[in-house]
Amino acid sequence: TNIGTSHIGILGSRENILKAKLEILEGMKIPKIIINNDNDLLHKWYEENREKIEIHTFGIENESELKAQNIQLRENGSEFSAVSTKQTLNIQVPVGGEHFVYNALCATQVGYNLGISNEKIIQGIAQFQLTKKRMDIRKLENGAILINDAYNASYESMKASLEFLEKYTGTRKIAVLGDMFELGQYSEELHRKVGKEVAEKDIDILICAGESSKFIIEEAEKNSKIKTYYFNNNEEIVENLSQELKNGDVILVKASNGMKFFEICQKL
């Protein structure tokens with residue numbers, strides 16, 4: 001559904017990631033694919049191949065076969081109209097964030113192509129449950145809200161999670177971020193881009209651990225007056241948060257799974 005920067009350290013470029021993902025078409029007798037038409041590389045590929053291959057599109061920005069309109073984003077979910085030339089479905093997504101609107105659009109388009117009824121598409125999305133450690137939101141004993149997104153991380157997913165955190169209003173927002181892996185020569189650049197995202201968002205405190213996360217801190221401090229902490233390990237983060245967290249705070253915890261930030265969430 002996306003061509004981002006995950007595994008770019010192995011594949012070398014976003015163009016190579018696109019090529020690798022499209023290899024799935026080589027095993028099909030009659031190639032048919034559903035794509036996110038708002039992704040820059042996929043949109044370009046669509047324009048170049050729309051006459052050769054059966055391509056079905058979904059999106060929010062670009063004109064697509066299936067488009068989300070009237071989007072209402074909330075902290076714990078969203079709703080939107082899935083509009084096509086044939087019909088409009090009112091979709092309820094039980095998870096917050098615009099990236100899950102894209103996921104629901106994709107699921108709807110898959111449903112159409114598999115002949116699933118509108119009722120089952122709507123019901124299936126409404127009953128969707130996240131994998132543990134992916135945007136798992138719970139209230140802590142001290143009244144703070146924890147967003148556990150410690151399962152994995154790329155620049156794109158970091159940006160999406162920070163945008164989700166920023167939407168909480170009237171509260172103190174804390175981002176606990178760690179290293180993103182498998183970025184190779186692009187590691188410093190992409191960690192610095194995350195730091196710039198933090199600086200541009202309405203976030204009060206940034207806490208980091210990990211070798212590459214130093215670049216997140218550096219870039220955030222360079223571009224904003226945000227309060228920052230850098231720690232050597234997860235235990236130090238937990239110790240700090242135990243003293244720092246207050247009732248009403250919202251805290252996002254996100255890093256590649258190898259950083260084991262899920263341990264932080266378990267101990268809060």
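**Burial, contacts and packing**

Student: Does H7 count as buried, partly exposed or exposed?
Tutor: The relative accessibility of H7 is 42%. Buried means under 20% relative accessible area, exposed means over 50%, and partly exposed lies in between (1.4 Å probe, protein chains only). H7 therefore counts as partly exposed.

Student: What kind of model is this?
Tutor: Residues are numbered from 1 along each chain as its sequence is written, and side-chain values use heavy atoms, with hydrogens and water left out. Local features need pLDDT of at least 70, side-chain atom pairs count only at pLDDT 80 or more, and totals for chains, interfaces and linings use all residues, as this is a predicted model.

Student: What is phi of H7 near?
Tutor: H7 lies in the segment before α1. Helices (H or I, at least four residues) and strands (E, at least two) are DSSP runs, numbered from the N terminus. H7 is a residue other than glycine, and its phi is positive, near 70°.

Student: And K260, what is its phi near?
Tutor: K260 sits in the loop between β11 (250-254) and α10 (262-267). At 44% relative accessibility, K260 counts as partly exposed. The phi of K260, which is not glycine either, is positive and near 60°.

Student: Which backbone nitrogen does the side chain of T57 reach?
Tutor: T57 belongs to strand β2 (residues 54-59). T57 counts as buried because its relative accessible area is 3%. A polar contact is a pair of N or O atoms within 3.5 Å; within protein, one must be able to donate a hydrogen and the other to accept it, and residues adjacent in sequence count only if both atoms are side-chain atoms. At 2.9 Å, the side chain of T57 reaches the backbone nitrogen of E65.

Student: What does T57 contact beyond four places in sequence?
Tutor: Contact means heavy atoms within 4.5 Å. With neighbours within four places left aside, the contacts of T57 are I35, N37, Y46, S64, E65, L66 and Q109.

Student: How far is the side chain of D38 from the backbone nitrogen of E61?
Tutor: D38 is in the loop between β1 (32-36) and α3. D38 is buried, with 18% relative accessible area. Its contacts, leaving aside neighbours within four places, are F58, G59, I60, E61, N62 and Y102. The side chain of D38 reaches the backbone nitrogen of E61 at 2.8 Å.

Student: How far apart are the C-alpha atoms of R134 and N148?
Tutor: R134 is in the loop between α5 (118-126) and β6 (136-139), and N148 is in strand β7 (residues 145-149). R134 is partly exposed at 35% relative accessibility, whereas N148 is buried at 10%. Not counting residues up to four places away, R134 touches N148, D149 and Y151. R134 and N148 are 14 residues apart along the chain, and their C-alpha atoms are separated by 6.4 Å.

Student: Are α2 and α3 roughly parallel or oblique to each other?
Tutor: Axes are lines fitted to C-alpha atoms, for helices over the stretch in contact, and angles run from 0 to 180 degrees between N-to-C directions. Helix α2 (residues 14-22) and helix α3 (residues 40-49) pack at about 60°, with axes 10 Å apart. Angles under 35 degrees count as roughly parallel, over 145 as roughly antiparallel, 65 to 115 as roughly perpendicular and the rest as oblique. So α2 and α3 are oblique.

Student: How do α6 and α7 lie to each other, roughly parallel or roughly antiparallel?
Tutor: Their axes are 10 Å apart, and the packing angle is about 10°. That is why α6 and α7 count as roughly parallel.

Student: Which residues of α7 make that contact?
Tutor: From α6 come Y155, M158, K159, L162 and E166. From α7 come L190, K193, V194, E197, V198 and E200.

Student: What covers the buried residues of α7?
Tutor: The buried residues of α7 are S187, L190, H191, R192, V194, G195, E197, V198 and A199. The cover includes α1 (8-11), α6 (155-166), β8 (173-178), β9 (205-209) and α8 (213-223).

Student: What separates the C-alpha atoms of A209 and E79?
Tutor: A209 lies in strand β9. A209 is buried, with 2% relative accessible area. A209 and E79 are 130 residues apart along the chain, and their C-alpha atoms are separated by 35 Å.
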